[in-house]
Structure formats: structure tokens, C-alpha cells
Amino acid sequence: MHDIRAIRDTPQAFDAALARRGEAAVSAELLALDAERRARITAAETAQAEQNAASKEVGAAKARGDEARFERLRALVAEKKAEVAAMQAEARDLDARLTARLAEIPNLPAEDVPEGADETGNVEVNRWGTPRDFAFAPVEHFDLKGVQGGMDFETAAKLSGARFVMLSGAVARIHRALAQFMLDTHVAENGLTEVNAPVLVREEMMYGTGQLPKFGDDSYQTREGWWLIPTSEVTLTNTVNDCLLDETELPRRYTAHSLCFRSEAGSAGKDTRGMLRQHQFEKVEMVSITRPEDSDAEQKRMLRCAEGILERLGIPYRTVVLCTGDMGFGARRTYDIEAWLPGQNAYREISSVSTCGDFQARRMNARFRPAGGGKPEFVHTLNGSGLAVGRCLIAVLENGQQADGSVALPKVLAPWLGGKLTLTDEGALA
């Protein structure tokens, strides 16, 4: 959500920042609505003052026995009361229209975000590891002999339809081990607080993090009105919804492993094979709530937390900063981490780490009280995958594949796999 006062002060700069995202200029429309709203408020206040003055005179006229003046003043009071009510109703309507329009406008990009229309404008900022030189032609995860018995798309389709998978046996255990490894690392080494939160949330929580109203088609809503979370960013960030924190409580750093649900609207024909793009998946999420002056450094910290997971797993990756045309709605800067998938001979996204500035905080009314006193300020919010568990499973399977269809698993997973670090070609752990 944007601050209309800031738009009033620098409308040209606001439109210029939106233009970097490929968005049309809107300041004139917003300021016209704002001016009309403020005019109604001022008129209502003037009429209210006139009503109050007339009300005082009514009693005095009655006491003097001046019936004619008494009746005129009483009629004036009633007229002004109706005027005030009408103008206040108009002001509320205009305020609602302005708020709704502001809620549809994406966040402004940070000044250092590269310009570009789409993903081709993203800029690589880091690369780690060297893709393995296979002595055979590597295959995608779902074609690995040792995986096929534990990754069942047909039964999942019978149960739920396309873009679902059923994991079983050793494959399911490796998936679970990855999630536990990520959580334990983030808690024990990265200083995040583990949270187990609901996956069903109220509509205002989806609004708070920017999924609504514009992107309702990307998520699922129950008949009772709850929404299934697309990521636990929604629940973790909204823990400060409508809160006034003390500065000493910041930063707050959270992590959660949760089911996530996305309709994948607009993704028809993309990644239809395998489990790269699913309606239901699992993710270990990271969320930070910080002071404004700390958010840029916190984004770099979170990025290293996510990159460190891949490094310990031995998965080659590259990190890119997204250009203005490829960023998400609520982000002011986003880094994507892309893991190397030899089966596709390509780097594919496995994590996005974004700073939202005060964009979400304004929607949630999440503020903090400065330690030295002064007016409360909006917090800054950040979120990032640490990591997407299913995509990490894909990366582990494809990078560790052997010629016979078995998989050599990362040594770091040994504590969660009973010391067994091979997925055999028969689909067992050994």
C-alpha cells in the first residue's frame, strides 16, 4: 500500500518509479480522488461547525420566547445535520475508492534494481559450484529408475487431478529429511524462530501481504471464506498485523515448514511433467520484521541463509537480482536463487528473497515505537524461501543421479536418513 501523502509531495517521482515497472502513470487519478475526498471532509467539518453554532442559539431563542427564531434555527440545525451526514457518507465512499485503488498498485522498485521488461533483464550477481560432468546423459527426476516407484503422478491424478504428486517410501523420507535439515539449520545456525502456523487464513491476512484483491485467482478459497495460504509468508508476516511493537522487539526472524497451495493460474503448458510446478507443495519459509534502516542488510542476510542450504547440499546454483519487469507485486527488490538441474540442463528457481519495505506494513498497520521516543513508524517486512522442499528434492535427485538410476545423496542429510546415503535403483535407502 502506498502513502497518499508521499504521492501528493512527489507525484512525478511516483509515476516515474511505476514506469520502471511498465506501469502507467496514476498520480493524477489518485490525487483527483484524494482532493475530492478532502473537499468533502472539509465541507462536512464546516457544516458541523455551523450546526453546532445553530444548536447553541436554539436554546437561547427558546429561553427568550422568540418562537420564530427558535423554529428557523431548529430547521437550520436539522438541515445542517442532514448535510453533514451526506457529506460524511460521500467522504467515506471516496476514501474507500481511494484505498481500493491504492491497493491495486504494485510496490515501487528500489533505485538499484535493474530495468527490464521480463526475466531476460535479470542480472546474475553470484554463482556457486560447478555443474557435474556426467559420463552419461542425465535424465529428469521423474525418469530416474530409483525414483519412479516412490513418485506417483497417476494415483495423485486419480485422487486430485493434474499437478499433484504422491511420494512414498524412500523418496518421501528424503523429502522429509530435506525439510528437517532446512528447519534445523535455520533455527540452530541462522537464528530464526520456528513457527508451526495455520494454513487457513482470513481474507484480511491475504490482503495484508498483497495476495488480495488483485491476485485472488492465484489462490484457493474455502466455502467458509478462509483462504489456503500460497506460502507461510502470509501467516508469519501477519503475526504483526495491527500491532504496535517496541523497537527493542526488532528484528523478528521466523521460519516455518508448511503446505502451500497455488492454483497456478496462467501456467497452462508450463512444466507439466514432474513435480516442478504443483498445486500443493511444501516450503520452508523465512520472514523478517525489521526497522527501516536495517531491511537492506537483512535481505542480504536472508539470501545467505538460503544460499547456505544449497551449498551444504552441494547443489550448484546462481543468484540473480530480478529486473523491474519481473519482480512480484509487493517487492521493492528480489533476489532469485536458481539451482542447477542437469536433467533440464538449466538453472531453475528454488528461492526468492524479497524486501517489501513498508508496503505490506501499511496494509497491515504494523508499526513500532522508536526507543528514543517520537512518532510510531511502519516496520519493514521481508520474506524468502529457505527453500522450496519439492524443488530441492528435484535438485538433489538430479545432481546425485548415477548411470544405473540410483542416487548418491548429500552427506549432510545423514542424521535424518539414519546414515543411509544412497537411493538404490530399486528405490530403497542403503
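Analyst: A helix here is a DSSP run (H or I) of at least four residues, and a strand is a run (E) of at least two, both numbered from the N terminus. The model under discussion is predicted.

User: What makes H1 and H2 count as helices, and what does each of them supply to the lining of the second largest pocket?

Analyst: Helix H1 covers 4-9 and helix H2 covers 11-20, and each counts as a helix because a DSSP helical run needs at least four residues. Each of these two helices supplies at least two residues of the lining of the second largest pocket, and H2 gives the most, with 4 residues.

User: What is the volume of that second largest pocket, and which residues are the closest to its centre?

Analyst: The second largest pocket has a volume of about 450 Å³. It is lined by 21 residues, of which His-2, Phe-14, Asn-107, Leu-108 and Arg-332 are the closest to its centre. By class, the lining comprises 11 nonpolar, 5 polar and 5 charged residues.

User: Why is Phe-329 called buried?

Analyst: The relative accessible area of Phe-329 is 11%, and because buried means under 20%, Phe-329 belongs to that class. Phe-329 sits in the loop between strand S11 (317-321) and strand S12 (333-341), and, leaving aside residues up to four places away in sequence, it touches among others Arg-21, Ile-105, Phe-215, Phe-359 and Arg-363. Gln-211, although 118 residues from Phe-329 in sequence, lies 8.6 Å from it in space, C-alpha to C-alpha.

User: How do you know whether the protein chain is compact or spread out?

Analyst: The protein chain has 12 helices and 18 strands. Its radius of gyration is 28 Å, whereas the globule rule gives 22 Å for 430 residues, so the chain is more spread out than a compact globule. Along its principal axes the C-alpha trace spans about 105 × 45 × 40 Å. Buried residues make up 48% of the 430 residues.

Methods
Residues are numbered from 1 along each chain as its sequence is written. This is a predicted model: local features need pLDDT of at least 70, side-chain atom pairs count only at pLDDT 80 or more; totals for chains, interfaces and linings use all residues. Side-chain values use heavy atoms; hydrogens and water are left out. On a 1 Å grid over the protein atoms alone, a cavity is a set of points where a 1.4 Å probe fits but cannot get out, and a pocket is an open set with protein on both sides within 12 Å along at least five of seven lines; lining residues have an atom within 4 Å of a point. Grid points are joined across faces, edges and corners, and a volume is the space filled by probe spheres set on the points. Ala, Val, Leu, Ile, Met, Phe, Trp, Tyr, Cys and Pro count as nonpolar, Asp, Glu, Lys and Arg as charged, and the others, Gly among them, as polar. Buried means under 20% relative accessible area, exposed over 50%, partly exposed in between (1.4 Å probe, protein chains only). Contact means heavy atoms within 4.5 Å. The radius of gyration is taken over C-alpha atoms; the globule rule is 2.2 Å times the number of residues to the power 0.38.
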